Amino acid sequence: MTTIKVSDEQEIISRLSSYVQKISNDAIHNRGKFYIGLSGGSVVKYLCEGLPTVDTDWSKWVLAFCDERVVPEDSDDSTFGTYKRQLIPKTQLKESQFVVIKQGVSAEEAAKDYTDKLKAAFNGDDFKFDLLLLGMGPDGHTCSLFPGHPLLTETTLKVAPITDSPKPPPSRVTLTYPVVNSARNCIFACSGAGKAEMVKRILKDKEDLPASQVKPVSGSLYWIVDNAAAAHL
Ligand SMILES: O=C(O)[C@H](O)[C@@H](O)[C@H](O)[C@H](O)COP(=O)(O)O
């Protein structure tokens, strides 16, 4: 695990973008495609600002979601909807490169459909992402894997539905740990004083919280934190 301390949010954005550039170009060079999993929350802003600066072959990107809210795509709560409105117009990415959840169905059906779409995107059951970009909530959750929730021990499903998310909206689909921890790279990006206590509990005190369970089996893990988030380290 590598912890990278930077001064502020702008530096988080630039460090994150450098990692994405390097990892995407390596993946495209070695395997012809780049599989990336995006998150919602504050990560959206970092990526919508940073990714347009990345020098890459956009046509080789396959973009999916670490988790997604089961809401209409035109809702402000839709993670894909936000990237569609705020990222696609600033890059050469096409909407067809995104693996998105089905509209107008339950979380359970959306999870099954998203699993099928990932099988098609990865040509099989092994959902090995080149890079997952992760956020951590103030309660230590990541993806839609929340403290004390039964999904923390899910090992059969690769994508799970959740209808009781403590962070609104309640209905979501999420990758589970077997997929998260098979990624080649996972990067957390955390900024601001609101994250400082939880960053300390996870990185210094090594408490067992959902974000601490992200430990790629044979991949790399990076935490990029700004001064405010790293205040108690
Ligand atoms: O849909 C979501 O809510 C996100 O995908 C979620 O996993 C996010 O990354 C964390 O909740 C952290 O969000 P913040 O950085 O905004 O606290």
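Begin by selecting glycine 40 and the ligand: a backbone N or O atom of glycine 40 lies 2.8 Å from a ligand oxygen atom, a polar contact being a pair of N or O atoms within 3.5 Å. This is a predicted model, in which local features need pLDDT of at least 70 and side-chain atom pairs count only at pLDDT 80 or more, while totals for chains, interfaces and linings use all residues. Residues are numbered from 1 along each chain as its sequence is written, and side-chain values use heavy atoms, without hydrogens and water.

Now display the shell of 14 residues around the ligand; Ser42, Asp67, Arg69, His141 and Lys167 come nearest (a residue counts if one of its heavy atoms lies within 4 Å). This shell divides into two nonpolar, seven polar and five charged residues, with Gly counted as polar and Asp, Glu, Lys and Arg as charged.

Move on to proline 169, in the loop between β6 (159–162) and β7 (172–175); strands are DSSP runs of E with at least two residues, and helices are runs of H or I with at least four. A cis peptide bond joins proline 168 to proline 169, with omega about -5 degrees.

Finally, select asparagine 123, in the loop between α4 (107–122) and β5 (131–134). The phi of asparagine 123 is positive, near 55 degrees. Most residues other than glycine have a negative phi, and most peptide bonds are trans.

Key
Polar contact = N/O pair within 3.5 Å; in protein donor to acceptor, adjacent residues only side chain to side chain.
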